[in-house]
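Here are my notes on the model you asked me to look over. Have it open while you read.

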Amino acid sequence: MQSILQCMDCSRQYPIDQIIYNCDACGGLLDVTHDPDRLRETVSRELFDSRLGSLDAPYNSGVWRYKEMINPDVADDLIVSRPEGNTNLYNTPRLAQWAGVKKLYLKHEGENPTGSFKDRGMTGGVTQARVLGVSRVACASTGNTSASLAAYAAWAGIEGIVFFQNKQIALGKLAQAIAYGATGIQIDADFDRNLELVREVAEALDIYVLNSVNPFRLEGQKSIVIEIIQQLRWQVPDWIVCPGGNLGNSSAFGKALHELYELGLIDRLPRLAIIQAEGANPLYQSYQHGFDALRPVHAETIATAIKIGNPVSYAKAVRALRWTNGVVEQVSDQEIMDAKAMIDRQGIGCEPASACSLMGVQKLVSKGIIKPHETVVGVLTGHVLKDADAVIGYHQNTLDGIQAAYPNRLHQSTADIQSLRTILEPQPA
Ligand SMILES: *Cc1c(COP(=O)(O)O)cnc(C)c1O
Ligand SMILES: [Zn+2]
C-alpha cells in the first residue's frame, strides 16, 4: 500500500497527492500515514545505521536517511535537500549540573543549513511541492519558517512567498528570507492572523501552503527524534524536552516516537516535555485543565519563534502528550534569557525560544517531575545569530523587564597599554 493522508479525528482517507490541509468531513488535521506492514518489512536499526556517513544523496541527509518513514515513494531525483539534519548531540555536564540532572544532552537544530529545525520540515514540504508540480509555495512565519522556505524554494527553482508580521521579527530571519530571494510581504497583523490570510490567499491563487498544517513538514521533523535516538545507539532517553509554539515540532516528535515504538525500533517511550513561554501558553493552560479545550491567547514574549497564541497543531500535540505520558511547563522571559545565556556561555549558543528546553528541565527537576538520575535530551531549535538584538540587549541590560543574571559587559578602552592593563590585569581575589 502507498502512503495516504488520513484525518486524525475521523480516520477518513485521502490520496497522498491531493492538495488538502484539513479533513473535508470534520475539519480535523491530516496525518501522512505509511503502510505499517510494508514499514515493518523494510526498516531496521541496521538499515539506518548502514547509511550513516553516506556521501551520496539522499542518504547523506539526516532526514532522508530515514526515507521509508518520511516519504517512501518519492523519486530520489525529486528530493529537495541541502542536505539537512546530521546535527550534533552535545553531552553538556555543566548544564546538566545547572539544571539538576545527571545526564543532559542538547540536540542542536540550529546547525541546520538555514539555522533552525524548520529545514527538516521544509525538505519534506518542498519535495512534496515538486512531486505535485506546483510552482509557488507560501507560508506565514514568525521568521524561521520563512528563512527556510525561501532557501528551499530557491534551491528547487520555484517561487517562495512569505508573510511576516511588520514588527518584532528577528533581524537574522528577515535578512535570510530577503537574501534567498523570496517574495516577502510585511503585514500589520500578528502570526495567527497572517496564517489565516496565507491560507485564504493560497486557496484563491493556487499556491501550496507550507506552514506546519502541511503534514509533509511534520514527516520531515520526525527525523529529529529518530536521529537523537540513533545517536544514542538506539538507547531511549527518559525525557525529550522541546519548546512549543505552533506545536508542529511537538506533534512530529510524538508521531515519530509512536511509530518507532510500533515498529520495534525502540523498546520503550521517552516522556515528552513541551515548554511554552508564559506570555504564549495556550497549551500549558489547556494542560492545567486536563486538555478540556484550546483557548487562544494574545501572545507576547521575547522568544519570537514561539510567540503564537492559537497553535495550529494543538490537537496533534495533545495526542503526542497522551502517547508519551508527557507534561507541559511554562517559563518566563527572564528565565528564558538567563537559560539562554548559560547555553551561550558554553560556546554552544541558541536563539531565545530554544532556551525553553534548558529552563524547562531545571523547572521540572525543581518540581520533582524530572528525577535527577534521569537522562534528558533538550532540543535547541535555532541558531544564536538568528536574534543578535536579543543577545546584545541582554548583555547590555537594555531589554524591557529583564535583569540579566549572567551579563558579559563589553569593555571600552582608549588605544594605550595603560588602559588595556587596567582591564586585563588579573584582579586580586
Ligand atoms: C518554529 C520554532 C519553534 C516552535 O516550534 P513549533 O513547531 O511551532 O512549536 C521553536 N523554536 C524555534 C527556533 C523555531 O524556529
Ligand atoms: Zn475527519
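1. Ground rules. This is a predicted model, where local features need pLDDT of at least 70, side-chain atom pairs count only at pLDDT 80 or more, and totals for chains, interfaces and linings use all residues. Residues are numbered from 1 along each chain as its sequence is written, chains are lettered from A and ligands numbered from 1 in the order in which they are written, and side-chain values use heavy atoms, with hydrogens and water left out.

2. Zinc site. Cys7, Cys10, Cys23 and Cys26 each bring an SG atom to the zinc ion (ligand 2), at 2.3 to 2.4 Å. Donors here are N, O and S atoms within 2.8 Å of the metal (3.2 Å for Na, K and Ca), and water is not among the atoms, so sites may look incomplete. The angles between the four donor atoms run from 97 to 119 degrees, which makes the arrangement tetrahedral (for four donors, all angles between 85 and 135 degrees).

3. Along the sequence the donor residues follow C-x2-C-x12-C-x2-C. Cys10 sits in the loop between strands S1 (4-7) and S2 (13-15), and Cys23 in the loop between S2 and strand S3 (30-33), so the pair ties together parts 13 residues apart in sequence. Strands (E, at least two residues) and helices (H or I, at least four) are DSSP runs, numbered from the N terminus. Cys10 is partly exposed at 36% relative accessible area, while Cys23 is buried at 4%. Buried means under 20%, exposed over 50%, and partly exposed in between (1.4 Å probe, protein chains only).

4. Helix H10. Eight of the nine residues in H10 (residues 223-231) are buried, so the helix is largely enclosed by the rest of the structure. Glu227 and Gln230 are among the buried ones. Just after H10, Arg233 has a positive phi of about 60 degrees.

5. Largest cavity. A cavity is a set of points on a 1 Å grid over the protein atoms alone where a 1.4 Å probe fits but cannot get out; lining residues have an atom within 4 Å of a point. There are three cavities of 30 Å³ or more, and the largest holds about 280 Å³. Of its 26 lining residues, Phe117, Lys118, Asn246, Ala305 and Ile308 lie nearest the centre.

6. Second largest cavity. This one has a volume of about 80 Å³. Its lining includes Ser141, Gln165, Phe191 and Lys307.

How values were computed. Tetrahedral: all angles 85-135°; square planar, octahedral: opposite > 155°, others 65-115°. 1 Å grid on protein atoms, 1.4 Å probe; cavity = no way out; pocket = protein on both sides within 12 Å on 5 of 7 lines; lining within 4 Å. Points joined across faces, edges and corners; volume = space filled by probe spheres on them.
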